[in-house]
Amino acid sequence: MRAAAGSGRGGEEGIQMSINYNERIPNNVSLSEDKQLQRALERWQPKYLDWWREMGPEGFQSKDVYLRTAISVDPQGWAQYGYVKMPDYRWGIFLTPPEKDRQVNFGDHKGDPAWQDVPGEYRSLLRRLIVTQGDTEPASVEQQRQLGRTCPSLYDLRNLFQVNVEEGRHLWAMVYLLMKHFGRDGREEAEGMLERRSGDADRPRILGAFNEKTPDWLSFFFFTMLTDRDGKYQLASLAESGFDPLSRSCKFMLTEEAHHLFVGETGIARILAKTCEVMKRINSDDPAKVRAEGAIDLPTIQKYLNFHISVTEDLYGSEISTNAANAYTMGLKGRFEEAKLKDDHKLATATYPVPDLAGDAIIVREAPALTALNERLRDDYIVDCQKGVDRWNKVLEKGGAGQRLRLPHKAFHRQIGTFEQVHVSPEGRVLTEAEWTRHHGDWLPNDADHAFVQSLMKPVTEPGKFASWIAPPARGINNQPIEFAYARVD
Ligand SMILES: [Fe+2]
Ligand SMILES: [Fe+2]
């Protein structure tokens, strides 16, 4: 699959809407005009491919997969579909075109022209933001590398691999910024991205949730719904950055991220639909009876939801953070949809409600909005998750189920911030150690739940067939029928 050389050149920096696939590294940033950078990236490319072969999807590297490849950054029709062997996927560097006369939209530099180069005094914080984001991308590929072997259908297998190759491309996006704008340090950071390993005791990935296992497809769908959604909120905040190349990288990454969220949300919706179908057929919601039919009972799904949302909430960091305040004041990382918000975009005197502990009660107090930016982003994220849960509950309602899913209190099962030291129930009650010990297996997946879900993980690779625990999707990918051979696995 090769697209023609780019046309429709626009913007001062030679950003093209179409992507040049004639170069070793596909790009729309006129890479061939920067020989030093091109050479640095071409030296990194084989190491990336070594990493992909070692840590990418296990057992499917030589298989044809029906994948979409970006051929343009134009929002109308940037994708092309076709069979690709994953190591041949055309990873590259795609930025959205520059916005004419774009400004820094918040913080101390509000109103200045957006930066095309790294402001020297902000170099280390900016580098850390980019490295932290970049590190999550290969991490999730590593977490998901065994899942292909137990795919519930070819359709789902293809979606998994689409997510995986795009996470690989997101790494490329961040490595491009590091190599173009951070010199030798950036090149070293780019090497580090390929050296850390998810879950490794000696050289783990940077953030906790990206060192957790993704051992089964129920976890995968919750991960793509909830943890990729953290990605959406982080990328959206970085897309507001006054550092224009970061903003334009993140904007294009967001268009890819939307598919990952779709995979997660519809994956869980299809599991719920199947569970409803089974409960109706056996006329019972008894978890043991539902399990005996090869479907996943609703209490187990709720526990997985509790786990994944709580570890993902931790990714936003401490409730009060001077780092977050600095990144904002410096104009490096904004709020979600910063440019659409109606205030002074400096937050010098504003406050924001932050949860806190008062004895064994959870209270809310006003904190300076600047230092509460992590909490604000976490709250924006939770609102978005709640909408997803509401859509899932419509599936349950339509399927005739009596139960509903709910998000746990945001203090539940937290490992970072104010609630790290205490145990809190899903309803938001601070618990004694004994209460937690007695109940946590009712709220989080226990060994028996993991074992049950694992027992369902048997590959289904006949086109159009689906595992017993998940309903088919409403439609196929790219207008293909559901029984289309989304991967050739034989
Ligand atoms: Fe990503
Ligand atoms: Fe993603």
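Predicted model: local features only at pLDDT ≥ 70, side-chain atom pairs only at ≥ 80, totals over all residues.
**A tour of three helices**

The buried residues of helix α1 are covered by elements that include α3 (154-181) and α4 (183-195).

Select residues 35-55, which form α1. This helix has 21 residues, and the distance from its first C-alpha to its last is 30 Å, close to the 30 Å expected at 1.5 Å a residue. Next, highlight A40, L41, W44 and W52, which are buried residues of α1. Then display α3 and α4, which are among the elements that cover them.

Is D244 buried or exposed? D244 is buried, because 20 other C-beta atoms lie within 10 Å, and a residue counts as buried at 20 or more. Select P98, R102, A114, W115 and Q116: D244 touches these residues, leaving aside residues up to four places away in sequence.

Finally, select residues 373-398, which form helix α10. The end C-alpha atoms of α10 are 38 Å apart, which agrees with the span of 38 Å that its 26 residues should have at 1.5 Å a residue. Colour its buried residues, including L373, Y381, C385, W392 and L396. The elements that cover the buried residues of α10 include α5 (217-239), α6, α8 (298-313), α9 (322-329) and β5 (351-358). The last stop is G400, which follows α10 and has a positive phi, near 80°.

Methods: Residues numbered from 1 in each chain as written. Chains lettered and ligands numbered in written order. Helix = DSSP H or I, 4+ residues; strand = E, 2+ residues; numbered from the N terminus. Expected span 1.5 Å × (residues − 1). Buried ≥ 20, exposed ≤ 12 C-beta atoms within 10 Å, placed from the backbone. Contact = placed C-beta atoms within 7 Å.
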